[in-house]
There are 2 protein chains.
Amino acid sequence: MQNLAMQTSSRSLRGGIDLGGTKIQAVIVDAESRVLGAARRPTPTVGGPRDVVRELAATLRDATREAGVELTRLERVGVGTPGAVDGRRGTVANARNLPGFEGAVPLVSLLEGEIGAHVFLGNDVGVALDAEARLGAGKDVGSFVGAWWGTGIGGGVILRGERWLGRGAAGEIGHTVVKRNGARCPCGRRGCLEAYAGRRAMELRARKLVERGEKTLLFELMEKKGLERLTSGVWAKALEKQDELATRLVERAVCALAAALASSVNLLDVEAVVIGGGLGSRLGEPYAARIAERMQPHLFRPDAPPPVRIAALGDLAGAIGASLLGERVAEV
Amino acid sequence: MQNLAMQTSSRSLRGGIDLGGTKIQAVIVDAESRVLGAARRPTPTVGGPRDVVRELAATLRDATREAGVELTRLERVGVGTPGAVDGRRGTVANARNLPGFEGAVPLVSLLEGEIGAHVFLGNDVGVALDAEARLGAGKDVGSFVGAWWGTGIGGGVILRGERWLGRGAAGEIGHTVVKRNGARCPCGRRGCLEAYAGRRAMELRARKLVERGEKTLLFELMEKKGLERLTSGVWAKALEKQDELATRLVERAVCALAAALASSVNLLDVEAVVIGGGLGSRLGEPYAARIAERMQPHLFRPDAPPPVRIAALGDLAGAIGASLLGERVAEV
């Protein structure tokens, strides 16, 4: 990667950071958004915003070292974060997965103080979708619907190559009603897609079924890995071992995803569907094919199903997307 | 209306025809899309395309007489029609509610032969949405989702003031999955909004419940009016008389509409929802308020619910929208 960095040494470099509830992923990219270096650290679970910001800066420095460039060469740094981003004020609020982020945290000024480069903020799923639209699974189409299949279900709609924001909160495909009066969603509502397909809801369901006496390898696999949560890796492993309960719950999630995605295709007739997120990336193509298969009976135009693709940039989509932030400063 | 016509005599006039399965509605409008004359005739139920075209021309002539203008003064005439419109070829196919319209009918050349004006074709619900966007319930917002609540549930999405067409078939909100493995839809799929809220599906359901021994005034009211179908007027009358079964089936429809519309708002975060169609227009504001109320528990942003409005142009939306066709000839 250092060779590439030298080739582009005269060009502007950018940093991108994906701030998640469990990990921080940073990348250094060149003017063509090629990744010159990447690094990852766990997100602090204790402390407060300053501790998180120190880790953001440290992860970014790790990535510059891998890229063989100085931090001072970065023209700007973007951060994709959960919670409510206020681009004008440079704050993040209600990022409940991050320690001390309940109120409005001035992330831009805190991080600029640490790294001395311009910092821009964006929504974590939103920037990942931007990256897929520009550089990934959606780069050859003008429109697609994205479902980010992880702890929850994030998403977004790309129309004419741009994310459609509506009044600012568009993209919540996870809160599509797939079953009226259906399962309780972690959001408190009933029958949302996320209530069936969000990893958190799937884990709650698995725990409940185990309490009722059902058998599964899921929690055994989790403990063997020293984990406290059913991660995407644990689900993948259980599926690999043909665990009956895991297979059933993933199929239930696939059917719910298929119903919500088919509905969005019927409404918007987009050119493609892109599946991202931890579970989406981990389960990959065979599950994209399965979602496509389950969408088929719900499509208004079954003769022209849009391709269902897995996000192409994988774990780096969020960080690469964050590196695109600040391009159009006037809009931030 | 003749005064108005004289005032605008130096300007270009246009004709618009809404070709429905039961009625033909024609309007004559001026350059500002003000209605100068309107007329309505029943759609022929026997014969073939030529019979339908003769009635289209006759209804248009009735409207010109009401407007006090000559047919030759029309700059162009638009027709909103069910079925698959091919704007380039000037044909309509698969309009199964019209006699002899199974195959591709060259409606443009047939009607131009009758009236001697340029004819343009559009989808019936699509042109009604265009009219509401330009001149009706959506004229003050940039984005809305429309649900046309009639025999079936048509719809559309207006973004930045324009109908979003996707790959050509966008807007099918009637085939949003509101309940996986739910009721059978007239389209053959399961759990579609239309299976709960389409007037045809509602009638089938009512007939089934009556067969099972339930009581209702619906069919009595229908027969009293000399009808063979539960029209919007029959439903409205039964609700007025507090018929228990009718009330229950309309509430079921309202809940399904609310779930699908809330899902579309969560995805697109539009500025408004517009309810049109025969049942929508007939039931009016109290039912728009009820749909809004039922949407509320499903909204991702319950603090910012978009207003739910009834289509402002009522029965004339389709014909007025049709009169807008042909504005951008290059795109037709």
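**An open five-stranded sheet in chain A**

In chain A, five strands build an open sheet in the order 10-9-8-11-12, with mixed pairing. Two strands count as paired if DSSP finds at least two bridges between them. The edges are strand 10 (162-163) and strand 12 (308-310) of chain A, each pairing on one side only. The model is predicted: local features need pLDDT of at least 70, side-chain atom pairs count only at pLDDT 80 or more, and totals for chains, interfaces and linings use all residues. Residues are numbered from 1 along each chain as its sequence is written, while chains are lettered from A and ligands numbered from 1 in the order in which they are written.

Strands of a sheet pair through backbone hydrogen bonds, either parallel or antiparallel. Strand 9 (residues 153-159) of chain A pairs with strand 10 of chain A in the antiparallel sense, over two bridges. Leu159(A) has Glu162(A), in strand 10 of chain A, as its bridge partner.

Chain A has twelve helices and twelve strands in its secondary structure. These are DSSP runs, numbered from the N terminus: helices are H or I with at least four residues, strands E with at least two. The radius of gyration of chain A, taken over C-alpha atoms, is 20 Å, close to the 20 Å from the globule rule for 332 residues, so chain A is as compact as a globular protein of that length. That rule is 2.2 Å times the number of residues to the power 0.38. Along the principal axes, the C-alpha atoms of chain A fill a box of roughly 55 × 45 × 40 Å.
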